[in-house]
Amino acid sequence: MFSDIARKFCQVFNLFCCVHVFHAHVGQLHYVVGPSMFPTLNATGDLLFLERFSVRFQKVNVGDIVVACSPENPRVLICKRVLAVEGDSISVLPEPYAQDAAKNVLIPKGHVWLQGDDPYKSRDSRHYGPVPYALLQGKVQLRIWPPHSWKKF
Amino acid sequence: MAEPLWFLAKRSAAAAMICITFTDIVGNFATIQGNSMQPTLQQGHKDFISLLKGDVVFYEKISAPAYKYCRGDVVVLRSPTDPDQLMVKRLIAMQGDWVNVPGSHEIHQIPKGRCWVEGDNGNLSLDSRNFGPIPLGLVKGRVTIKVWPPHRIGRVERVLPEGQVMFTDMHSCVITRSCLECE
């Protein structure tokens with residue numbers, strides 16, 4: 001009887017390890033809520049599938065939507081679009097209303113510029129500067145929920 | 001003929017999953033390269049014989065998800081300038097603290113969500129004095145013990161340099177819970 005329990009425990013433990021390896025190194029599901037990526041993503045919440053390979057092998061390009069640890073609170077994940085990568089120079093409007101206050105920012109080595117699609121509702125690199133690449137968690141590939149707005153990005 | 005091979009493959013895959021999970025969740029070993037943490041940690045050089053003389057440390061990742069780090073901990077972090085590179089530095093200050101940059105009269109207040117890291121060997125270290133306060137999300141683990149070479153086996157202690165940091169409030173470590181735990 002104990003060997004049965006031990007066998008079951010080993011199977012459950014192995015399953016946990018496999019799920020963890022998939023979650024940490026292949027892909028994850030994230031439920032993302034918030035208005036900063038409107039209209040690309042719903043403010044009320046979307047279930048997104050992220051893949052980790054692009055981030056791991058530095059294949060993130062300008063225009064990709066990524067999920068990252070917030071530089072202002074590492075326990076919070078943010079979902080933004082990459083507008084510039086290291087070495088690029090980007091013209092930034094600190095305030096979306098003030099068209100004549102644009103300033104040029106050179107993205108330093110190892111950093112990316114993240115910005116939400118809705119500039120009025122998004123707190124992003126315009127507020128906290130370029131984000132180190134190592135904070136990126138995954139690249140958004142699919143929207144799975146709500147089912148009627150299934151989409152590949 | 002295929003039966004033992006299949007058995008071996010299954011066992012190997014299971015062992016690999018367990019090892020990867022352990023190194024992701026519990027902790028991992030790291031070989032020190034570079035002199036930025038001398039004298040606390042010594043480097044091994046690139047050739048194999050000297051590599052054996054370098055320090056090997058174990059860093060734990062259990063405190064990583066909750067970011068339960070304290071000032072003075074030696075931590076492993078992803079470099080802000082090179083995401084493939086891991087660095088080992090000492091965590092000097094947390095968000096809200098005022099830190100005096102050694103060798104200059106500058107004083108920085110650490111912004112929200114960031115921290116200040118420095119190597120123990122100030123002359124050779126590329127750290128927050130060069131690239132400023134870094135997001136705490138870059139910190140991946142805390143170095144707890146040296147496991148090699150045998151005559152240097154021991155704990156890596158939490159040491160805070162005197163007179164460099166002013167805490168705004170000892171108990172305001174929102175991210176690291178209460179600093180009472182660190183004392």
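Analyst: The side chains of Ser36(A) and Lys80(A) meet in a polar contact of 2.9 Å. A polar contact here is a pair of N or O atoms within 3.5 Å; within protein, one atom must be able to donate a hydrogen and the other to accept it, and residues adjacent in sequence count only if both atoms are side-chain atoms. This is a predicted model: local features need pLDDT of at least 70, side-chain atom pairs count only at pLDDT 80 or more, and totals for chains, interfaces and linings use all residues. Residues are numbered from 1 along each chain as its sequence is written, chains are lettered from A and ligands numbered from 1 in the order in which they are written, and side-chain values use heavy atoms, with hydrogens and water left out.

The pair also carries an annotation. An unreviewed UniProt entry lists Ser36(A) and Lys80(A) under "active site". They span 45 residues in sequence, but no two of their C-alpha atoms are more than 7.7 Å apart, so they gather at one spot. UniProt positions are given in the numbering used here, feature names are shortened, and annotations may be inferred rather than shown by experiment.

Take Ser36(A) first. It sits in the loop between strand S1 (27-32) and strand S2 (46-51) of chain A. Helices (H or I, at least four residues) and strands (E, at least two) are DSSP runs, numbered from the N terminus. Ser36(A) is buried, at 11% relative accessible area. Buried means under 20%, exposed over 50%, and partly exposed in between (1.4 Å probe, protein chains only). Not counting residues up to four places away in sequence, Ser36(A) touches Cys79(A), Lys80(A), Gly116(A), Asp117(A), Asp118(A), Lys121(A) and Ser122(A). Contact means heavy atoms within 4.5 Å.

Now Lys80(A). It belongs to strand S4 (residues 73-84) of chain A. Lys80(A) is buried too, with a relative accessible area of 5%. Beyond its neighbours within four places in sequence, its contacts include Ser36(A), Met37(A), Asp64(A), Gln115(A), Gly116(A), Ser122(A), Asp124(A) and Tyr128(A).

The peptide bond from Phe38(A) to Pro39(A) is cis, with omega near 0°. Pro39(A) lies in the loop between S1 and S2 of chain A. Chain B has a cis bond from Gln38(B) to Pro39(B), with omega near -5°. There, Pro39(B) is in the loop between strand S1 (27-31) and helix H2 (48-51). Most residues other than glycine have a negative phi, and most peptide bonds are trans.

Positive phi values come next. Gln58(A) is not a glycine, yet its phi is about 55°. Its place is the loop between helix H2 (53-56) and strand S3 (65-70) of chain A. Gln58(A) is partly exposed, at 36% relative accessibility. In chain B, Tyr67(B) has a positive phi near 55°. Tyr67(B) lies in the loop between strand S2 (56-60) and strand S3 (74-78) of that chain. At 8% relative accessibility, Tyr67(B) is buried.

Another residue in chain B is Arg90(B), in strand S4 (residues 86-93). It is buried at 4% relative accessibility. Setting aside residues up to four places away in sequence, Arg90(B) touches residues including Met37(B), Thr40(B), Asp73(B), Trp116(B), Glu118(B), Asp120(B) and Glu157(B).

On to aromatic rings. The whole structure holds 4 aromatic pairs over all chains. The rings of Phe9(A) and Phe13(A) have centres 6.3 Å apart and planes at 10°, so this pair is stacked. Rings of Phe, Tyr and Trp (its six-membered ring) pair if their centres lie within 6.5 Å; planes under 30 degrees apart count as stacked, over 60 as edge-to-face and the rest as tilted. Phe9(A) and Phe13(A) are 4 residues apart in helix H1 (residues 2-25) of chain A, about one helical turn. Phe9(A) is exposed at 58%, whereas Phe13(A) is partly exposed at 35%. The rings of Tyr67(B) and Tyr69(B) have centres 6.5 Å apart and planes at 70°, so that pair is edge-to-face. Tyr69(B) is buried, with a relative accessible area of 0%.
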